[in-house]
Amino acid sequence: MDYQSIFRQSPIATCTLDKNNTILEANPAFYQLLGYTANELNKKALPRFSYLENQDAETTPAQSISQAGAQSREGSFQTKQGQTIYCIEQRCQYTDTKDQTLHTICQYLDITEQKHREQSLVLTEQRYNLSQRHAHYGVWDWNIQTNDLYWSEQIGPLLGYADGEIEANYADFIAAVHPDDREFVSEAVRAAVEDGAEYNIKHRVVWHDGSIVWHHVTGDVIRDADGTPLNMIGVTQNITQQHLADESLKQYAEQLKRAQQISNIGHWSWDIARGELHWSDKIFRIFGYRPGEFEPTYEKFIAALHPEDVERIQLSEKLAFSKGKPHSIDHRIIRPDGSVAWVHEEAIVVTNDKGEPVRLTGTVQDITERKTLEQRLSDKTALLELLHSSKNCYINTSDIKAAAEVLLQGLMELTGSEYGFTGEIMHDENGAPYLKAHVVTNIAWNDEMRAFYDANFEQGMEFRNLLDSLFGACMKEQSTVISNDPLHDERSGGLPEGHPALNAFLGAPVFYGNKMVGMYGLANRAGGYDEELASFLQPVNTTYGVIIQSYHNVQRENCIKRDLERAKEQAEAANFAKSTFLSHMSHELRTPLNAILGFAQLFEMENLSDKQSQYNKEIVNSGKHLLKLVDDLLDLSRIDTDNIELEIMPVSVKALLNECHSMIKPLLAERRLHFISSYQACEYEILADHRRLTQIIVNLLSNATKYNRMDGDIEVSCQQIENRLRILVRDTGNGIPAADMDRLFIPFDRLGKEGIDESGNGIGLTLVERLTEKMAGSIGVESTLNQGSTFWVEFPIAQTFDNNLEKQNSKAELIEIELPEKNIRVLYVEDNPANLRLIKHFFNKQETMQLYTATTATAGLEMATQLRPDIILMDIKLPDMSGFDALAHLRNSPATENIPVVAVTAIASKQDIATGLEAGFTRYLTKPLDLQELAEVLHNIHHQSGSGLKRA
């Protein structure tokens, strides 16, 4: 056969070109390849052949022809019909003796089908990369038709090799499988490809170092429209540690299982031009179907979507097509059984050479469990925020109704309920429980119910006839009541005519500890109520129970507080009445005592016989004893009502004890007692009220004198105990029985000595104890029968006493009246006749003093204006106005504003004295009057005004 015959019959497209790239001759296979006739191409330039080696620039055949020798390169033609075909070009140039090109023979081998397969492999690789990115495991892709195997870079290490050390092929994979597992693996692969079985197995792998590891492998088969298997894509995970884990790691194993389930991803591919949709077997299962049960289409995919999510999904697809954005979205699907599942889609767009989208390929993952957990977490967060808000509302407002309203509104929104109520359990007089609602949804269905609601909403509605109802069942059983068909529920007592429909009901008891304190109810939730929801709402029961109990505690505390306030007010009123009574009694007692002791003092100025002097002395002693009793009773009353005033300051102990010794010297002489002063070396000052401390020591010395034996001893000593000083008074009397020690400081209890010849009122030691404690001191006693007793008081030390300080003179200074050169006019305003007679007798003995008297304040003011006396003596309690009011009138009148006014009264408390001096009295003298003190006051006042009264 000649060359021309071979040339024409060759199946390989061949043509001859001249040096200008013009076709000189071509065989039929060439014309057929390009879709032209011989007449259309002969003597014409060769169509442009684009070489694949350089994608950015095209090389023309003329440029290639200028190169000598044979060339073989890949490229593409555009056929007459506009299709792209891929070829391998073989060029052979022929030259003359001068290396000038004569002609070129070109042969073109059609490799279009092979290129399409390569593009399919690229698409498969893209799917593979996408799966790997989301699965985070070793991923593999097996082309069932060509038996080519591709795997990710993680597979090598999973098989025991370094990255790149082993090539991806099925033979090497099977060789790595444990010999005992190879048949099992091969059978699993066959069942998945041929029978559509799920490929989800565990097997062993032997590494080249002999190590045995366990793999968990899952895979899906991708099929064409005819069901022919095309590819098998899967995921491999090393589960050696999980497989060998001890039973104690069950929790970790459960987490691993969950991770393995999540990793089962379905793959899909949508050919946009052809409208073909391919699903892997896993996607069928995710959507609730058997693999291959129907031919998937885009329309069937849309039909499976939740209606509310369709628009959002299509918008995401549109953005992926138009702007190349990834299609990544969570959405819902509705399975054939009506259940709703959540899936996550992840896809990318594949484009052609012109950048036009031709395919959308991606994955679908069932995320229902994750979404369920997220929703539960969201619901729990919302519930906790609701409880927090309700609790804070109650803390900030103390309003249980406001807190219950926040709680109920949140519960209705959280559960999707139409209406509800919250309330506390109360009990009637027979102990029967009933509901007092804090908040009730207004479902009034007629005017009567609307009026009832409006009238009772604020104070809380009471429902007492609920025992034969679903509400009552909750109270009686003290357990949760769920009814999704109340109309036919035997526990329901029916509804009043016109009542809105009750389709579902949840009643929950509220406990504090073991006691049911309240309940709440919800109604008409779409889909009804169940135990899972009731369990979810359990924290509400606890929180609401705490709020109700706290409210009850506050109410009880408020009642107790009100009772205490009333008791306090009553006690204060009683104390005030007591103080008023004692003050009145003090005034009433001091007034006659003033006359008794005053006239007794006048008798002392007369020439009395010895017998008369003795009688007068008894009168004075009895009067003084009665006065002391009055003072002690008042002091005890003031201490009990916390109305005693103390002036705490440093007091010299030695000086005070010397003063007290001087006060009781006459009594010591009467009993022939020996006074032992063991305190003379004491150079301390203690913190106390000087007057009250004197009162304490004199009381102790008086008792030591009265209850001592004749010719006995009294010893006073001091003892330092750390930063305190103890003053001890020891006697040599009969002592105190141990059985009587607990009664020692009880007022008016004289320990059986009421009948003895010693005077006493039984409150001296009580007063000593309470005054001592008021001044931060302490008191104690030690006693031995037939030997004597020792009483002691103890006070904080102030500082060391300075011996150079002026000692206090324990002896009272006496004055005598020196007659002035002129008469002193004294006005005395007093309504008590006895007191008037006493003062008149006193002034009768003063030849140069002239006394004027008035029995009312009004008369006294008139006499003061007319007489202009030198001194005014003013009683406080007068029949027409008080001495304070009279003083104010005197000070407001120019005629009397400068006259000294001395208060002479039986109102004798320390506060009364301070009030009088502050009001403007020149001096404040208390009854019974000490006439010697009165003489001294007259002397001092008149001496300051220039009279002749002076000290003796």
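The model is predicted. Its largest nonpolar core has 49 residues, and another core of 39 residues lies apart from it. Two helix pairs, α24 with α28 and α22 with α23, are described below.

**Nonpolar cores**

- The largest nonpolar core holds 49 residues. Those with the most contacts inside this core are Leu-411, Met-519, Leu-522, Leu-537 and Val-540.
- Helix α15, residues 400–415, gives the most to this core. Its share is seven residues.
- Leu-411 is in contact with Leu-386, Tyr-520, Leu-522, Leu-537 and Val-540, leaving aside its neighbours within four places in sequence.
- In soluble globular proteins, nonpolar side chains tend to be buried together.

**Helix α22 against helix α23**

- Helix α22 spans residues 690–706, and helix α23 spans residues 764–774. Their axes come within 10 Å and cross at roughly 145°.
- The crossing of α22 and α23 is left-handed.
- From α22, the contact uses Arg-692, Gln-695, Ile-696, Asn-699, Leu-700 and Asn-703. From α23, it uses Gly-764, Leu-765, Leu-767, Val-768, Leu-771 and Thr-772.
- By class, this contact has six nonpolar, five polar and one charged residue.

**Helix α24 against helix α28**

- Helix α24 covers residues 833–844, and helix α28 covers residues 931–944. Their axes come within 12 Å and cross at roughly 60°.
- This crossing is right-handed.
- Ile-839, Phe-842 and Phe-843 make the contact from α24. Leu-931, Leu-934, Ala-935 and Leu-938 make it from α28.
- The contact has seven nonpolar residues, with no polar and no charged ones.
- The loop between β34 (923–926) and α28 holds Pro-928. The peptide bond from Lys-927 to Pro-928 is cis, with omega near 0°.

- Helix α17 covers residues 470–477. Its buried residues include Leu-470, Gly-472, Ala-473, Cys-474 and Met-475.
- Cover for the buried residues of α17 includes the strands β17 (419–427), β18 (433–440), β20 (481–483), β21 (505–512) and β22.
- At the start of α17, a side-chain oxygen of Ser-469 reaches to within 3.4 Å of the backbone nitrogen of Phe-471.
- Gln-478 follows α17. The phi of Gln-478 is positive, near 50°.

**Buried polar and charged side chains**

- Glu-345 lies in strand β15, residues 340–351. Its relative accessibility is 2%, so Glu-345 counts as buried.
- A polar contact of 2.7 Å joins the side chains of Glu-345 and His-331.
- Leaving aside neighbours within four places in sequence, Glu-345 is in contact with Trp-268, Phe-301, Ile-313, His-327, Ser-328, Ile-329, His-331, Thr-363 and Val-364.
- Ile-313 is 32 residues from Glu-345 along the chain. Their C-alpha atoms are separated by 9.5 Å.
- Ser-269 is found in strand β12, residues 266–271. Ser-269 counts as buried because its relative accessible area is 6%, under the 20% cut-off.
- The side chain of Ser-269 makes a polar contact of 2.9 Å with the side chain of Arg-359.
- Not counting residues up to four places away in sequence, Ser-269 touches Glu-276, Leu-277, His-278, Arg-359, Leu-360 and Thr-361.

**Positive phi in loops**

- Asn-21 has a positive phi of about 70° although it is not a glycine. Asn-21 lies in the loop between β1 (13–18) and β2 (23–26). With a relative accessible area of 9%, Asn-21 is buried.
- Asn-524 also has a positive phi, of about 60°, and is not a glycine. Asn-524 sits in the loop between β22 (515–523) and α18 (531–536). Its relative accessible area is 11%, and Asn-524 is buried.

Definitions and conventions
Residues are numbered from 1 along each chain as its sequence is written. This is a predicted model: local features need pLDDT of at least 70, side-chain atom pairs count only at pLDDT 80 or more; totals for chains, interfaces and linings use all residues. Side-chain values use heavy atoms; hydrogens and water are left out. A nonpolar core is a set of buried Ala, Val, Leu, Ile, Met, Phe, Trp, Tyr and Cys residues joined through side-chain atoms within 4.5 Å. Buried means under 20% relative accessible area, exposed over 50%, partly exposed in between (1.4 Å probe, protein chains only). Helices (H or I, at least four residues) and strands (E, at least two) are DSSP runs, numbered from the N terminus. Contact means heavy atoms within 4.5 Å. Axes are lines fitted to C-alpha atoms, for helices over the stretch in contact, and angles run from 0 to 180 degrees between N-to-C directions. A crossing is left-handed if the near helix is turned anticlockwise from the far one by less than a right angle, and right-handed if clockwise. Ala, Val, Leu, Ile, Met, Phe, Trp, Tyr, Cys and Pro count as nonpolar, Asp, Glu, Lys and Arg as charged, and the others, Gly among them, as polar. A polar contact is a pair of N or O atoms within 3.5 Å; within protein, one must be able to donate a hydrogen and the other to accept it, and residues adjacent in sequence count only if both atoms are side-chain atoms.
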